[in-house]
Amino acid sequence: MSNYAGENDDRGLVASIKQGDQQAFGKLYDKYAPSLFGIISRIVNDEKTGEEILNKVFVTAWSQAADFNASKTSFFTWLITLSRQTAFNEIRLQQQTNPLYIKPVYGEDYKTVFELLYYQGLNCSGAAAALNITVEEVKADMRAAIKNLKIKETI
């Protein structure tokens, strides 16, 4: 029941943001910044860069709030997508401008299929190569991870 109240609350805040209400924007920032920072940090593996990207995400959200369409997605989902895109763009930019930039290593923290696909932005073949398994195994593991998330969500 609280999810619906949160969505309605977000709609009101987003409507206020579209009218230039900075306090409403601050409330959304306080509500979502920690979660978005966690996602961004997992992608870029650097706290300072993560903070810069988070700031870019919210500046973009503020400037593009009028373009947000609540009938297509929730505001939080839109922010997640924006965060991931911005983080991956930053990694690509670092790779192009700095020849010594080293991509994040697939160590113990990044060994699951979900983490490789979602946080590292790999496709199924890239994740299969990183884990030395078949693409079919990657897809099966991802289906199992999603099923597990759905089960945990209903508990």
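**Helix packing and side-chain pairs in a predicted model**

Good morning. I begin with helices H2 and H3, whose axes come within 9 Å and cross at roughly 140 degrees. Axes here are lines fitted to C-alpha atoms, for helices over the stretch in contact, and angles run from 0 to 180 degrees between N-to-C directions. Helices themselves are DSSP runs (H or I, at least four residues), strands likewise (E, at least two), and both are numbered from the N terminus.

Residues are numbered from 1 along each chain as its sequence is written, and side-chain values use heavy atoms, with hydrogens and water left out.

The crossing of H2 past H3 is right-handed; a crossing is right-handed if the near helix is turned clockwise from the far one by less than a right angle, and left-handed if anticlockwise. On the H2 side the contact (heavy atoms within 4.5 Å) involves residues including Phe25, Tyr29, Leu36 and Val44. H3 contributes, among others, Glu47, Ile53, Phe58 and Trp62.

The loop between H2 and H3 holds Asn45. Its phi is near 60 degrees, a positive value in a residue other than glycine. Asn45 is partly exposed, at a relative accessible area of 39%. For this term, buried means under 20% relative accessible area, exposed over 50%, and partly exposed in between, with a 1.4 Å probe and protein chains only.

H2 also packs against H4, at an angle of about 35 degrees and with the axes 10 Å apart. This crossing, too, is right-handed. Among the residues that meet are Leu28, Ser35 and Ile43 in H2, and Phe76, Ile80 and Phe88 in H4.

I now turn to the aromatic side chains. A pair of aromatic rings is described by the distance of the centres and the angle of the planes. Rings of Phe, Tyr and Trp (its six-membered ring) pair if their centres lie within 6.5 Å; planes under 30 degrees apart count as stacked, over 60 as edge-to-face and the rest as tilted. By this rule there are seven aromatic pairs. In one of them, the ring centres of Phe25 and Trp62 are 5.1 Å apart and the planes stand at 70 degrees, so the pair is edge-to-face. This pair links distant parts of the chain, with Phe25 in helix H2 (residues 22-44) and Trp62 in helix H3 (residues 47-64), 37 residues apart. Phe25 is buried at 16% relative accessible area, whereas Trp62 is partly exposed at 32%.

A second example is Phe68 with Trp78: their ring centres lie 5.3 Å apart and their planes are at 50 degrees, so the pair is tilted. Phe68 sits in the loop between H3 and helix H4 (75-97) and Trp78 in helix H4, so the pair ties together parts 10 residues apart in sequence. Phe68 is buried, at 6% relative accessible area, and Trp78 is likewise buried, at 17%.

Which residues do ring pairs link into a cluster? They are Phe25, Tyr29, Phe58 and Trp62.

On charged side chains, a search of the whole structure finds one salt bridge, defined as a side-chain nitrogen of Lys or Arg within 4 Å of a carboxyl oxygen of Asp or Glu. Lys56 and Glu90 form it, at 3.1 Å from N to O. The partners come from distant parts of the chain, Lys56 in helix H3 and Glu90 in helix H4, 34 residues apart. Lys56 is partly exposed, at 42% relative accessible area, while Glu90 is buried, at 11%.

Is Val138 buried or exposed? At 0% relative accessibility, Val138 counts as buried. Leaving aside neighbours within four places in sequence, its contacts are Val113, Leu117, Cys124, Ala127, Ala128 and Ile133.

Finally, the overall picture. The protein has seven helices and zero strands. Of its 155 residues, 30% are buried. Among contacts with a separation of 6 or more, 53% are between residues 24 or more positions apart. Thank you.

Technical notes:
Predicted model: local features only at pLDDT ≥ 70, side-chain atom pairs only at ≥ 80, totals over all residues.
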